[in-house]
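Reader: Could you take me through this model, starting with one of the annotated sites and then moving on to the sheets and helices?

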Amino acid sequence: MFEFKILKKSKKSRARLGVIKTPHGEIETPAFVPVATRATVRTLESDEVAEVGAQVLICNTYHLHTAPGEKLVKKAGGLHRFMQWKRPLMTDSGGFQVFSLGFGTDHGVGKILKEEPERKIPEGTQPTNIKITDDGVHFRSPIDGEALFLGPRESIRIQEALGADIIFAFDECPSPLAGKEYMRTSLERTHRWAGMCIKAHKTKQALYGIVQGGNFAPLRIESAKIIGAMPFQGFGIGGEFGYDKRSLKKMLSAVHAVLPQEKPRHVLGVGHPEDFPYIASAGGDTFDCIAPTHYARRGVIFTSLGRFDIRNRRYLTDQKPLDPKCKCDICATYSRAYICHLLRAHEMTGMKLASYHNLHFFNAQAEKLRTRIKNDEL
RNA sequence: GCGUCGGUGGCAGAGUGGUCAAAUGCACGUGGCUGUAAACCACGCGACUUCGGUCUCCGCAGGUUCGAAUCCUGCCCGACGCA
């Protein structure tokens, strides 16, 4: 059972208000999706993640295969039961690790760059530590060197064992440094893999296909046409979208114009607070980002007035809450001074309180998005 | 009181005649982080600087030497042992 219902379409933009129905409940969209790579939103219990307003989480195929292994998760009753998360779940296919453990590591870059990249990865190049073939990807764990092969069939098989409500096709997330020729070859491979994923897919879990093409508009459009025509129940849009926010919106809009309107779209791995309106107005329904939790552990607090580093000395004497406008339990209870102290002292509680607040903030921002669409403001 | 060992940058701790403004770690500071190899990473951390350097610096005071954090003498302080 999987269904997507569009409740309202904006007249001002491509934004839509919707609801995704899954066996584990509904997701009001646009929705922010916290990242729970290894079956946990780091530092938080599943109950707390629910408390903070998360409707759905995304876990990771590669990392859960590595530990504890999908067999064990299946034996434990599936991901939901294993991690005691009662709401919907997604699993990412491992396609992002093709980048993050490949060229991402080689060049020390993330998938979104700050400035116009000097594209330099020529076609036929392989990353140092992994090998990309037509059948899939040979990984080598950066931790213990363990060899691991992941292709479309393997990814789907693992994701079926894990048992999330929404699963993703295995793709290659291309590097933002990939040259156009590399991008084209990679894209064709990703498209081939998409077909293989559909063939391999046996369960009732919703399978999303992934559109790639980097910052090359014609490739993006082509990808959206090909993936959009395949019998997926939803779509992921992955990779990079250029180095500024405007190109993100433009590219997403172009892709969403091509994809079937009645199916949900998930924007993969994008979602700093300032990106939210761009994603939603470009037609995105769900989107995940590690930012709230990843940054929280390093002391970066997201607020209605922007972000700041709570570890800064001056907050040691600041008795105000993290964000005076925030309605979360942390802001109602604890001072900046306390959280500043905890983080400086490397106390885990500091990371947890910051994570809790940031996640609340991100979810509240997503809720604002929905309200704005309802009120014809977006 | 005698003996032994030791006193190095905010802390811990290398160095034991030149290559030492002094390893390394921690702390501190700045920057980075967008489908999490991430409680991580990079850089800085005596002062001044026209960025080529200049000055001050290894408990204190003297001395030896072309040259001392490093060797010698005295003093101060600490740990341990013996009285």
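**Sites, sheets and a helix pair**

Author: Cys331 lies in helix α12, where helices (H or I, at least four residues) and strands (E, at least two) are DSSP runs numbered from the N terminus. This is a predicted model, in which local features need pLDDT of at least 70 and side-chain atom pairs count only at pLDDT 80 or more, while totals for chains, interfaces and linings use all residues. Residues are numbered from 1 along each chain as its sequence is written, and chains are lettered from A and ligands numbered from 1 in the order in which they are written.

Reader: Is Cys331 buried or exposed?

Author: Cys331 counts as buried, because 22 C-beta neighbours lie inside 10 Å; the cut-offs are 20 or more other C-beta atoms within 10 Å for buried, 12 or fewer for exposed and anything in between for partly exposed, with C-beta atoms placed from the backbone.

Reader: And what does Cys331 touch?

Author: Not counting residues up to four places away in sequence, Cys331 touches Pro321, Leu322, Asp323, Cys326 and His357, a contact being two C-beta atoms, placed from the backbone, that lie within 7 Å.

Reader: Which residues does the UniProt "binding site" annotation that includes Cys331 cover?

Author: In the unreviewed UniProt entry, that annotation covers Cys326, Cys328, Cys331 and His357. UniProt positions are given in the numbering used here with feature names shortened, and such annotations may be inferred rather than shown by experiment. These residues span 32 residues in sequence, yet no two of their C-alpha atoms are more than 8.4 Å apart, so they gather at one spot.

Reader: Where does Cys326 sit?

Author: Cys326 is in the loop between β16 (306-309) and α12 (329-333), and with 19 C-beta neighbours inside 10 Å it counts as partly exposed. Leaving aside neighbours within four places in sequence, Cys326 is in contact with Thr303, Pro321, Cys331, His357, His360 and Phe361.

Reader: Changing topic, where does UniProt place the "binding site" feature that includes Gly95?

Author: The unreviewed entry places that feature at Asp92, Ser93, Gly94, Gly95, Phe96, Asp171, Gln212 and Gly239. Gly95 belongs to helix α5 (residues 95-107), and Phe96 lies in helix α5 as well. Gly95 counts as buried because it has 29 C-beta neighbours inside 10 Å, and Phe96 is buried with 24 other C-beta atoms within 10 Å.

Reader: What are the contacts of Gly95?

Author: With residues up to four places away in sequence left out, Gly95 touches Phe170, Asp171, Glu172, Cys173, Ile210 and Gly238; under that exclusion Phe96 touches Cys173 and Gly269.

Reader: In what order do the 8 strands of the open sheet run?

Author: The order is β4-β14-β13-β12-β11-β10-β6-β5, with parallel pairing, where two strands pair if DSSP finds at least two bridges between them. β4 (31-34) and β5 stand at the edges, each with a single partner strand, so one side of each is left without a neighbour in the sheet. Neighbouring strands of this sheet are turned by 25° against each other on average, direction ignored.

Reader: How many bridges join β6 to β10?

Author: 2 bridges join β6 to strand β10 (residues 166-168), and the two run parallel; Met90 has Ile166 as its bridge partner in β10, and Thr91 stands opposite Ile167 there. Strand β5 (residues 57-60) is joined to β6 by 4 bridges, also in parallel, with Leu57 partnered by Leu89.

Reader: What about the sheet of 3 strands?

Author: That open sheet has the order β7-β8-β9 with antiparallel pairing, and β7 (131-132) and β9 (147-150) stand at its edges. Between β7 and strand β8 (residues 137-140) there are 2 bridges, and Lys131 has His138 as its partner in β8.

Reader: Last one: how do helices α7 and α8 cross?

Author: The axes of α7 (residues 180-200) and α8 (residues 217-228) come within 11 Å and cross at roughly 10°, the axes being lines fitted to C-alpha atoms over the stretch in contact and the angles running from 0 to 180 degrees between N-to-C directions. That makes α7 roughly parallel to α8, as angles under 35 degrees count as roughly parallel, over 145 as roughly antiparallel, 65 to 115 as roughly perpendicular and the rest as oblique. Met183, Arg184, Leu187, His191 and Ala194 of α7 make the contact with Leu219, Ser223, Ile226 and Ile227 of α8.
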